[in-house]
Amino acid sequence: MSTRTPGTDDGSAPLLTVLPTAPGTGPGPAPERADAARNRRRILDAAARIVAEKGPDAVTMNQVAHASGIGVGTVYRRFGDVSQLLWALLDDRERVFQEAYMSGPPPLGPGAPADERLDAFLDALVDRVAEQRAILLAAHSAAPRARYHSGAYQVMHTHVAMLLSRLRPGADAALLAHLLLAPFSPDLMHHLSVEQALPAERVKAGVRELLALRA
């Protein structure tokens, strides 16, 4: 999956490749063969159907192999285990979100001031985590640290760091971006939205208030 990452004054930049967590799905020295790409698509589509019909806890490598019509050995070779398969599915679904904040209309996309873009991005991220909460939580529970190595997180981190560097020149933007994204971990967002029953708008308002504490 390739997409744009902002890095210039007008919000445009060279292509950045999002690295999926699943082994064998990312860029390499040679392009992915057509048959391998078709198998990967069938596996991800089968996993998505299982999630939609039964929830992410129902996803097993055997179930996905059966649903996709692809041998279980191939599924394991491509994705390693269930957690990596779920993260790859999330990376696959991330494309629409990435397109919105990298090349969509402002304020989420290029063309708005950095502070407005950051607010819009964090609001959109609250909605995205809420929408994908069940599968995010399942993937996070299976492999908590995998989030930070997923292609989706790497691109979000790059984007947030770029906006922060414009807002606070000279600040440690890379570190601040990690800290700003930390509250969006699936377990905390599940606790807030499900266990605490907080509406999305209250979470968004809280994030903005947190950012304004030392403004």
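**Briefing: a loop, a helix pair and a cis peptide bond**

Pro107 sits in the loop between α4 and α5. The peptide bond that leads from Pro106 to Pro107 is cis, and its omega is near 10°. This is a predicted model, in which local features need pLDDT of at least 70, side-chain atom pairs count only at pLDDT 80 or more, and totals for chains, interfaces and linings use all residues. Residues are numbered from 1 along each chain as its sequence is written, and side-chain values use heavy atoms, with hydrogens and water left out.

**Overall build**

- The protein has ten helices and two strands. Helices (H or I, at least four residues) and strands (E, at least two) are DSSP runs, numbered from the N terminus.
- From the N terminus, the order of elements is β-β-α-α-α-α-α-α-α-α-α-α.
- The protein has 215 residues, and 43% of them count as buried. Buried means under 20% relative accessible area, exposed means over 50%, and partly exposed lies in between (1.4 Å probe, protein chains only).
- Accessible surface comes to about 11000 Å² for the protein, and carbon and sulfur atoms hold 56% of that. These areas come from the Shrake-Rupley method with a 1.4 Å probe; for residues, only the protein chains shown count as cover.
- Take the contacts between residues at least 6 apart in sequence: 65% of them join residues at least 24 apart. Contact means heavy atoms within 4.5 Å.

**The α4–α5 loop**

- Gly109 is also placed in the loop between α4 (82–103) and α5 (114–131).
- Gly109 counts as buried because its relative accessibility is 0%.
- Leaving out residues up to four places away in sequence, Gly109 touches Ala100, Tyr101, Gly104 and Arg117.
- Gly109 and Glu99 are ten residues apart in sequence, and their C-alpha atoms are 8.4 Å apart.

**Helix α6 against helix α9**

- Two packed helices are described by the angle between their axes and the distance between the axes.
- The axes of α6 (residues 133–142) and α9 (residues 186–195) come within 9 Å and cross at roughly 140°. Therefore α6 is oblique to α9.
- Axes are lines fitted to C-alpha atoms, for helices over the stretch in contact, and angles run from 0 to 180 degrees between N-to-C directions. Angles under 35 degrees count as roughly parallel, over 145 as roughly antiparallel, 65 to 115 as roughly perpendicular, and the rest as oblique.
- On the α6 side, Arg133, Leu136, Leu137 and His140 take part; they meet Pro186, Asp187, His190, Ser193 and Val194 of α9.
- By class, this contact of α6 with α9 has four nonpolar, three polar and two charged residues. Ala, Val, Leu, Ile, Met, Phe, Trp, Tyr, Cys and Pro count as nonpolar, Asp, Glu, Lys and Arg as charged, and the others, Gly among them, as polar.

- Ile135, Leu136, Ala138, Ala139 and His140 are the buried residues of α6.
- Their cover includes α1 (34–54), α4, α5 and α9.
- Arg128 belongs to helix α5. Arg128 counts as buried because its relative accessibility is 11%.
- Not counting residues up to four places away in sequence, Arg128 touches Leu90, Glu94, Phe97 and Leu136.

**Ala197**

- Ala197 lies in the loop between α9 and α10 (200–212).
- Although Ala197 is not a glycine, its phi is positive, at about 55°.
- Ala197 counts as exposed because its relative accessibility is 57%.
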